[in-house]
Amino acid sequence: MKRSRINTIMAQADDLIRQHGFTLPPFAYWTPDEFRARKDDARHLIDARCGWDITDYGDGRFDDMGLFLFTLRNGRLDDLQRGTGMCYAEKLLISRQDQLSPMHTHVIKAEDIINRGGATLAVELFGSDDDGNFAPDRGGVVQCDGVSRSFAPGEKLRLQPGESVTLLPGDWHAFWGDGGDVLIGEVSTVNDDETDNVFREPIGRFAEIEEDEAPTHLLVSDYATWME
């Protein structure tokens, strides 16, 4: 993805988030130079990879297959392993109309996916085999706003604003905005996007960036190089 496109997506996402009555935290608006100047105080944000995250899954077709994310808060795997401390994470996501977030599951993370506003959020579900692999002939059971719901293989939930689904490791899922753009909330256990995403197809989690202009704000995938 070109950096200029990423900068535009950031601005558009910020507008949509504000339209739904949410405001991002102050660190969201730091310039790259401000972030670098404050990197010692902001060590938790860097280590926990809080912040902007825009991906086309390495496929180069963001409008068709992509996702906007902003990690608001996140603990560390060490906390989760000890069972104490910050064992949770929270994100905002935006699924544009018919923009696919492809079929995947997680090894550790349990998550609530919440339609925070906009159009319908379509969530396609499959179960897994005994080893946790994608199983095209298996369904399962999820919780929708605390109520158990069985699903057949490939069944599509259609979550209206205010509705949610709880997904556990082994619940394979893909999602997209149905009929318009959707602001999504994600509340989960500690999140590690570098290791905990298992995709059905061999795709990348992060975009490859063409630096055609300076970044407005850093992506979480920029931290490794910009914070040296």
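Reader: Which helix holds both D47 and R43?
Author: This is a predicted model, where local features need pLDDT of at least 70, side-chain atom pairs need pLDDT 80 or more, and totals for chains, interfaces and linings use all residues. Numbering runs from 1 along each chain as its sequence is written, and side-chain values use heavy atoms, without hydrogens or water. Helices (DSSP runs of H or I, at least four residues) and strands (E, at least two) are numbered from the N terminus. D47 and R43 lie four residues apart, about one turn, in helix 3.

Reader: How far apart are the closest N and O atoms of D47 and R43?
Author: The two form a salt bridge, meaning a side-chain nitrogen of Lys or Arg within 4 Å of a carboxyl oxygen of Asp or Glu. Their closest N and O atoms are separated by 3.4 Å.

Reader: Is D47 buried, exposed or partly exposed?
Author: Buried means under 20% relative accessible area, exposed over 50%, and partly exposed in between (1.4 Å probe, protein chains only). D47 has 35% relative accessibility, so D47 counts as partly exposed.

Reader: How many residues apart in sequence are the parts that R76 and D47 tie together?
Author: R76 and D47 also meet in a salt bridge, at 4.0 Å from N to O. R76 sits in the loop between strand 2 and helix 4 (77-82), while D47 is in helix 3, so the pair ties together parts whose separation in sequence is 29 residues.

Reader: Which tryptophan is in contact with F68?
Author: Contact means heavy atoms within 4.5 Å. Neighbours within four places in sequence are left aside here. The partners of F68 include I9, L92 and W52.

Reader: What is the radius of gyration of the protein chain?
Author: The radius is taken over C-alpha atoms, and the globule rule is 2.2 Å times the number of residues to the power 0.38. For 228 residues, a compact globule would come near 17 Å. The protein chain agrees, because its value is 17 Å.
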